[in-house]
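Here's a quick tour for anyone meeting this protein for the first time. Have a look at the model, and then we'll walk through it together.

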Amino acid sequence: MFRSAARSKPMIRRSVAARLSAGPVLVAMFVTLGPSVTAQPAAGASVSGPDSVIVVRPRWSPDRFVANRSALEFELSRGLAPSERLAVVVGATDVSAALEVAGTVVRYRPVGWRLPAGESEVTVYLVRADGTWVESGRAPLKVLNRLGLERARVLPSVDLSSAGQVDQRIDPTAPPPRRTFQDLTLRIGLENTLARDGWAVSAQGNAVGVSLETQRLRWGERA
């Protein structure tokens, strides 16, 4: 029994050697097939190029008010190709000539022109080589006025009324104090509202003028 086991050892060695000799062949096959595999871009990955779409993200908070001299910054999803440029419209004004482009960051500094006070919108376009404008993004913009307020409203009002009599048929023996008359009443009002950071202040004033003295306001006399 021990002898038969000793005789089987050379056979085991040959099978192991055969398996080891087949190893390089398998490795060579993997090395040969490796370079033939082509890598594919992951789903949803952005592709750079003059024909790809640019996505623009604003660096300011659309929910907060900014000063009228604040710089507006955008971040691009890719850099611009040599044949491309950006067009930016703030409210109804084209500010494309004043843009500063550094890689994927675009900046606009309102030096000679203040940002429009109140709520407006900023729209960014990608201008291709053939002159086609493609909208890349838009964002709301809230700007403080020159007084540093979010809202300042002044609402004037004017009201003119007339009460008169053109003619009257009366008894000649008992004439009235005024046969014909035109009484004018002028009302002038001014309403003002100021708001910032969640608080608001409102003020209102009115003035009244009359042509007939008996119709004037007499609070001091009747108090």
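Predicted model: local features only at pLDDT ≥ 70, side-chain atom pairs only at ≥ 80, totals over all residues.

## The four-strand sheet

Let's start with the open sheet of four strands, whose order is β1-β3-β7-β6. Pairing here is antiparallel. Who stands at the edges? That's β1 (56-58) and β6 (99-102). Each of these has a single partner strand, so one side of each is left without a neighbour in the sheet. On average, neighbouring strands of this sheet are turned by 25° against each other, direction ignored.

Zooming in on one pair, β6 and β7 run antiparallel and are linked by four bridges.

## The five-strand sheet

There's also an open sheet of five strands, and its order is β2-β9-β8-β4-β5. The pairing in this one is mixed. At the edges you'll find β2 (65-66) and β5 (93-94), each with a single partner strand, so one side of each has no neighbour in the sheet.

The β4 and β5 strands are antiparallel, with two bridges between them. Here, Val-90 sits opposite Thr-93 in β5.

## The nonpolar core

Now for the inside. The largest nonpolar core is made of 21 residues. Which of them have the most contacts inside it? Those are Leu-72, Phe-74, Val-88, Val-90, Val-122 and Leu-141.

Val-122 is a handy one to follow. Leaving aside residues up to four places away in sequence, Val-122 touches Trp-60, Leu-72, Phe-74, Val-88, Val-89, Val-90, Gly-137, Arg-138, Ala-139 and Leu-141.

## A cavity

So where is empty space left? Rolling a probe the size of a water molecule over the atoms shows that. For this model, a search of the whole structure turns up one cavity of 30 Å³ or more. The largest cavity has a volume of about 50 Å³.

What lines the largest cavity? The lining consists of Val-56, Arg-57, Pro-58, Trp-60, Phe-74, Val-122, Val-124, Gly-137, Arg-138 and Ala-139. The elements giving two or more residues to that lining are β1, β8 and β9. You've met some of these names already: Val-122 lines the cavity, and Val-122 is also listed among the core residues with the most contacts.

Technical notes:
Residues numbered from 1 in each chain as written. Heavy atoms only, no water. Core = buried A, V, L, I, M, F, W, Y, C linked by side-chain atoms within 4.5 Å. Buried < 20%, exposed > 50% of the residue type's maximum accessible area, 1.4 Å probe, protein only. Contact = heavy atoms within 4.5 Å. Pairing = 2+ DSSP bridges. Axes fitted to C-alpha atoms, helices over the stretch in contact; angles between N-to-C directions. 1 Å grid on protein atoms, 1.4 Å probe; cavity = no way out; pocket = protein on both sides within 12 Å on 5 of 7 lines; lining within 4 Å. Points joined across faces, edges and corners; volume = space filled by probe spheres on them.
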